[in-house]
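Keep the sequence and the structure in view while reading.

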2 protein chains.
Amino acid sequence: MTSTTRPAASAPAAMRESVRVSLGARSYDILIGPGLLAEAGAEIARRLPGIRALVVADERVAALHADRLSASLDAAGIAHSRLVLPAGEPTKSFAHLGEVVDRVLAERLERGDAVIALGGGVIGDLAGFAAGIVRRGMRFVQVPTSLLAQVDSSVGGKTGINSPRGKNLVGVFHQPALVLADTAILDTLSAREFAAGYAEVVKYGLIDRPDFFRWLGENREAIFAGGPERVEAIATSCRAKAEVVAGDEREDGNRALLNLGHTFGHALESCARYDAARLVHGEAVAIGMALAHRFSVAEGLCPAEDAAAVSAHLAAAGLPTTISAIPGPAFTVDELMDKIAQDKKVVRSALTFILTRGIGRAFVARDVDPASVRRFLAAEVGC
Amino acid sequence: MTSTTRPAASAPAAMRESVRVSLGARSYDILIGPGLLAEAGAEIARRLPGIRALVVADERVAALHADRLSASLDAAGIAHSRLVLPAGEPTKSFAHLGEVVDRVLAERLERGDAVIALGGGVIGDLAGFAAGIVRRGMRFVQVPTSLLAQVDSSVGGKTGINSPRGKNLVGVFHQPALVLADTAILDTLSAREFAAGYAEVVKYGLIDRPDFFRWLGENREAIFAGGPERVEAIATSCRAKAEVVAGDEREDGNRALLNLGHTFGHALESCARYDAARLVHGEAVAIGMALAHRFSVAEGLCPAEDAAAVSAHLAAAGLPTTISAIPGPAFTVDELMDKIAQDKKVVRSALTFILTRGIGRAFVARDVDPASVRRFLAAEVGC
């Protein structure tokens, strides 16, 4: 993993970072900084000369950013067309996967050509999955437009769609050829969306970077405001994820640490039927991380003050930390346990959770007793 | 690659072969011999202890063989359920892919559990694709019931479905954990189906095994009749394919040699709209191989007598060798060229064909002039 500053016309060199994801022949760069959208064409053409492309975006992001991306691709001589899909989690469906696949084939793109995902996690996961299965794998470029996508879903090659039976249950590992994270784009996010992405930034501190968690406590407002601290927070997050992914591309081992807060979080999202009005992914992860810490306290693993510090930091960022903070009908413990049992990380019916011995000391617990989880959730559901 | 004889209750030891596909952590065995269906449960349980499974079969194969497979799985204590799909190429569709995926999830199978494909290439490709994308990849066992599947589609990890825009345009590379090829099952095939699979057997001789091609000429009738020569022909074919796959898992290089006859063949199948009454895959490959040899003659690469010997051998096996042998409306050169241009092997608009310098001397030609192909087809279409 290397980090170098890079020259740029539209931003001070100090505000441009590059993170390398080291995966042998599938290695790639994540470029991070304000104004990158305008340079997307040049960066893509330099690395993937001669390609044609299909840009996939949702209607909201397309209206805000697609013309600028197109202008940049045109300037670099990259022939491309655009597919605009509805915004929102339901777009991660089998039907829309078919739509992207068919459009790629209709454009007669070849294996060496690229699908460019311009959007958040939904578009990135969907378009990446399509790129992973058309002609058994074609090139893929991520232009993440949400904080969540910039620090999490655009890095590491996980792609997929949801099933009525659960989130992300269908997909492939398919690495992008390049990730372009324009940090200025994030100014167009709502406060709620930015905070949701910030939950994943906090996660990297909680897994194994206690110093980063402390630094976040001191710089949270600057990160939200869009100073150089934002670039640094995103680059550190990408670097953290890239290191884990490079060590465990297909999630056979420590990559599971990245799921801190996600087993609880996915169950909450599923119980809320992926209704963004009630709960978005980052909020579910925030509650899930708070739950993982409190459950670790209940299991005698983690100091209570660490769990409290986690909740306090998340709350200060505008994030929920309890199940009852989710608006709408209350969830039952049975519903939650049922969703947890359907998690991809279930191995032979034993529950796998990411638990922690304190801030920055997370670990994979592979044989968690379902009865303990049930007892813990019974107390939490009422909170 | 190793080949060892293995003890068996239901067949002489000499009639049981094992071929290893060497792909590092994804290596697996292909067991070949009469009566293997009855031992499927034991062979699976020995290699994949504790798994549960979903058996996927088409209605025709299910009626003939699924109860015997189930009895064998039951005897080995492998809990399983069964999904029966319509027979025929149209089952390799997005809609049926969704059906298999949903059923796997409904059964709550985990990553370590298996999808077992009991059937020919259609079921193997479809079920393997589903196994490759549920939870981003779960275990997969092939029990091929056609000669074509035993010598070709069940080996090498290519999975996929058709698109209205072409055959096998969507899929993933996903290796099986085990392949069980019961050669006695092939007695239930029609003469036309057996001959179609035999085209792929001949292909391995034509690529780089001239001695095998000669041996086939001497033993064709015994192979069709079901003697030990059948086991040997299938084992040699699997070994040939396994060697190529081990050297080039994802078709970046010499794996393309396996497509001898397939660029023309796929175009013919597509023009015939995958109508099995007109043309099945093996027949398309037979015509495609005859065309590849005659085109190589036309290009001054291959002796005319080699092309004649290939056609004579295929014809003796009951296979077609000319475009006009396909019943129904004639194809135009424009239609054929259009389908060829949509082939997965197209790289930057240059046509890639497998051409040959003679029997057993095939090679990848990466820059074939479309005008030459057009001229050649114009003459062939009238033949």
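## A pair of strands

In this predicted model, strands β1 and β2 of chain A run antiparallel to each other and are joined by five bridges. Strand β2(A) covers residues 28-33. One of its residues, Ile32(A), is the bridge partner of Glu17(A).

## The whole sheet

The pair belongs to an open sheet of seven strands in chain A, with the order β1-β2-β9-β6-β5-β3-β4. The pairing in this sheet is mixed. Strands β1 (17-21) and β4 (80-85) of chain A are at the edges; each has a single partner strand, so one side of each has no neighbour in the sheet. From one strand to the next, the twist averages 15 degrees.

## Helices on the sheet

Helix α1 of chain A, residues 40-47, packs on the sheet and touches β2, β5 (114-119), β6 (139-144) and β9 (178-182) of that chain. The direction of α1(A) makes about 165 degrees with that of β9(A).

Helix α3 of chain A, residues 94-106, also packs on the sheet, where it touches β3 (53-58), β4 and β5 of chain A. Its direction makes about 165 degrees with that of β4(A).

How far does α3(A) reach from its first C-alpha to its last? With 13 residues, α3(A) reaches 18 Å, close to the 18 Å expected at 1.5 Å a residue.

The buried residues of α3(A) are His96(A), Leu97(A), Gly98(A), Val100(A), Val101(A), Val104(A) and Leu105(A). In an α-helix, residues three or four places apart point the same way, because there are 3.6 residues a turn. Arg108(A), which follows α3(A), has a positive phi, near 55 degrees.

Conventions. Residues are numbered from 1 along each chain as its sequence is written. Chains are lettered from A and ligands numbered from 1 in the order in which they are written. This is a predicted model: local features need pLDDT of at least 70, side-chain atom pairs count only at pLDDT 80 or more; totals for chains, interfaces and linings use all residues. Side-chain values use heavy atoms; hydrogens and water are left out. Two strands pair if DSSP finds at least two bridges between them. Helices (H or I, at least four residues) and strands (E, at least two) are DSSP runs, numbered from the N terminus. Axes are lines fitted to C-alpha atoms, for helices over the stretch in contact, and angles run from 0 to 180 degrees between N-to-C directions. Contact means heavy atoms within 4.5 Å. The expected span of a helix is 1.5 Å times one less than its number of residues. Buried means under 20% relative accessible area, exposed over 50%, partly exposed in between (1.4 Å probe, protein chains only).
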